[in-house]
Amino acid sequence: MIKNLIRYFKGVYFVKALVVAIAMVIPVLISIYFFDSFHIGFSIALGAIFCAPSDISGSLKHKFFGIVVSIILTFAITLLIGCFTSYFVLIPLLIILVFSISYLSVFSFRASLISFAGLISLVLAFAPHSAEVSVFEHALFIALGGIWYLFLTILTELVLTKVQIEYLFVQLIEKTADFVKIRGKLLVESENRTALLDENFKLQITINELHETIREVVLEKRFNSGFSNRTRRQQLIFSKIIEIYELAISNVVDYDKFDDLFKEHQEKVDEFKLLIFEVSERLNHISKVILKEEKLTFQNNFKILLKKIQNHIEIYKVTVGLPESREGVIFLLNYKAYQEKQIGNLMDIFRVLDNYSKNDKIRPIKDAEQFLTPQDYDLKKLKANFTLKSPIFRHSLRLTLTMFIGLMIGYAIDMQQPYWILLTIVVIMRPSYGLTKERTKHRVLGTLIGAAVGVGIVFLTQNPIIYALISVTSLIIGFSLVKQNYRNGAAFITLYVIFIYALINPNILTVIKFRVFDTLIGSLLAYVANYFFWPAWEAKSIKDFFLHSIESFSKLLIQIDFFYHKKGEVPTEYALARKEAFLQVGNLNAAYQRLAQEPKSKQENIATFYELMTIFNTYLSSLSSLGMYIRTNETGKVPQQFEIYVKHILFQLDKAIAILNNTESSSSLDSEELRLATKNYEDYFHNLSEQRDAEIEKGLPISKEMRSQLHETQLISEQVRWLLSLSESLVKNIKKV
């Protein structure tokens with residue numbers, strides 16, 4: 001409990017919330033003390049809070065420009081709205097501005113947060129402001145608040161430069177540890193595999209997002225400040241974590257065949273599970289070392305576990321007997337080799353943390369700049385998305401109409417602060433139905449909890465000093481929790497709003513009542529609008545994610561084929577193709593999760609989509625496994641049958657792409673050459689097996705060359721056959737949707 005509390009206070013979300021609180025409280029205190037005016041400080045505080053959304057994890061350069069754009073946007077909106085008082089002008093202006101600002105989200109995630117800042121400033125521009133300051137001065141103070149927040153952000157980055165990076169690394173390592181542990185559970189929990197695979201899909205989404213953020217922070221920092229020792233170490237640790245993640249994915253298992261092979265030998269499987277769990281535990285230990293919660297220790301059970309596994313393999317070989325046990329033995333040895341590579345990567349991280357690695361020997365990532373996802377702000381995107389096919393265009397229309405309705409309702413029933421309805425709509429509404437539904441539920445619950453606690457405090461005391469302390473504390477806690485636990489964050493933010501108004505308005509119970517009513521009205525409007533107003537159901541757009549994933553598979557397979565022939569150093573093109581495949585499948589997993597949150601009536605072909613999800617993730621595992629084996633083992637001359645399989649796999653992938661693009665052709669490949677390729681692979685492995693059996697009869701130990709040929713032939717032939725089978729299943733299921 002105490003460790004969790006310490007971690008909370010050391011976390012990046014708490015630090016950011018503290019910065020927001022300082023940015024808001026100090027101007028108000030200075031304004032009251034030096035100028036005897038609350039309103040100047042309040043305007044500056046508004047400017048600071050408007051810029052907070054665009055302050056997300058990433059490089060300082062992107063933060064800087066994001067906040068600067070937020071300052072300009074919020075200043076312009078506040079000034080523009082403040083210049084008009086007639087509703088005949090304000091209503092059309094509201095409609096134009098809401099659509100235009102929300103439409104900025106087409107550019108990127110950071111752009112969507114800048115858009116959010118603009119919408120918040122638009123809503124609060126409708127709030128009555130003091131006559132003590134003119135409209136222009138109010139807008140100017142808001143811009144000043146943004147500049148003040150920018151200064152605090154840069155200062156925080158310089159003073160606490162390690163906090164963000166350490167927090168990101170800890171998040172990534174812990175999520176990777178969870179992912180690794182699930183792979184171990186999948187081996188033994190045959191009845192629970194569907195739920196475990198679903199959990200894996202969700203983890204992949206988070207892990208891919210963290211990979212992208214860390215690439216931006218670590219690699220871009222290197223370009224700006226040079227390749228320092230710290231950056232070298234961060235880069236090496238990051239690359240090793242990625243390898244651990246890829247190895248976990250690469251351990252592809254045909255579970256039906258696996259269960260059949262080892263159903264009478266469960267103890268062999270259990271030992272692998274224990275080894276994988278130990279890898280997961282050591283990753284969690286590393287995360288605690290980074291946070292200085294534990295001291296680095298090399299104590300582990302790897303040697304003992306590996307020895308037990310080797311003994312079990314020998315027992316399995318003797319118990320089942322050759323040649324019947326050969327397939328199972330080769331599988332177990334290959335699986336053991338994968339785990340040894342995991343342990344090797346893990347120990348490399350330990351050595352870096354323990355300063356064993358010489359920093360001058362850590363080489364930078366080759367062509368590192370190519371691994372950064374470019375920020376695309378081409379104005380052509382505005383034109384390309386100006387169609388009802390675009391989810392952002394639909395969201396912009398939906399948000400505009402909903403806010404118009406909300407404003408009309410607020411004035412029609414004479415609410416105390418009708419703009420609170422608009423504020424609720426802006427905060428809750430998202431392009432996807434599932435996320436809007438979830439945020440609606442959490443927002444309502446959080447507001448009710450916050451209001452109930454607020455009423456209780458009001459009955460206990462009417463002390464304004466206590467109100468001020470509660471509001472500041474609630475502000476910090478609320479902002480620090482809003483991304484991790486939206487319901488609790490909403491509860492504390494409600495408390496903050498209530499007691500800020502309590503300092504201004506003595507009739508606090510009326511404020512609480514209207515706060516609850518406004519939240520309920522805004523939440524209901526947001527929820528209903530996402531269902532009825534130009535909904536963007538995921539079943540209609542998920543095909544695009546299928547298409548992008550299949551295209552990335554084709555590119556990666558081509559690179560694997562090229563490297564199998566070329567050998568040597570892994571080319572940048574291969575690494576980029578691998579990264580793209582992981583990202584695209586991660587995006588597909590995210591799209592499926594959104595689909596699963598939608599109403600049952602809108603989940604068209606959900607069973608087929610789930611089948612496809614399983615195929616896509618298995619496909620990525622199989623491709624990754626094939627590439628990993630070729631990259632990390634000495635391989636022989638590429639056989640012709642491998643090329644034939646690759647040609648047929650690529651043909652099936654192209655066929656799937658054509659179906660999705662509605663351009664399917666009737667062309668086909670010669671099935672006879674595929675049959676011969678299969679026979680050649682089987683004959684070659686059979687001949688090797690007979691040769692080895694003859695050696696065993698003579699009492700000869702297996703040579704390194706024989707072991708390598710047996711392993712390479714079985715693993716690669718199985719992988720290409722598996723990939724072809726998956727490709728055919730892909731085509732079959734895509735035809736259904």
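Rings of Phe, Tyr and Trp (its six-membered ring) pair if their centres lie within 6.5 Å; planes under 30 degrees apart count as stacked, over 60 as edge-to-face and the rest as tilted. By this rule, ring pairs join Tyr-433, Tyr-527, Tyr-531, Phe-532 and Trp-537 into a cluster. The model is predicted, so local features need pLDDT of at least 70 and side-chain atom pairs count only at pLDDT 80 or more, while totals for chains, interfaces and linings use all residues. Residues are numbered from 1 along each chain as its sequence is written, and side-chain values use heavy atoms, with hydrogens and water left out.

The whole structure holds 29 aromatic pairs. One of them, Phe-386 with Phe-393, is edge-to-face, at 4.9 Å centre to centre and 70° between the planes. Buried means under 20% relative accessible area, exposed over 50%, and partly exposed in between (1.4 Å probe, protein chains only). Phe-386 is exposed because its relative accessibility is 52%, whereas Phe-393, at 9%, is buried.

Tyr-433 and Tyr-527 form a tilted pair, 5.8 Å centre to centre with 45° between the planes. Tyr-433 lies in helix α18 (residues 433-460) and Tyr-527 in helix α21 (residues 508-532), so the pair ties together parts 94 residues apart in sequence. Helices here are DSSP runs (H or I, at least four residues), numbered from the N terminus. Tyr-433 is buried at 6%; Tyr-527 is partly exposed at 31%.

A charge sits over a ring if NZ of Lys or CZ of Arg is within 6 Å of the ring centre and within 35 degrees of the ring normal. The charged end of Arg-439 is placed this way over Tyr-486, 4.1 Å from the ring centre.

Terms used:
Helices (H or I, at least four residues) and strands (E, at least two) are DSSP runs, numbered from the N terminus.
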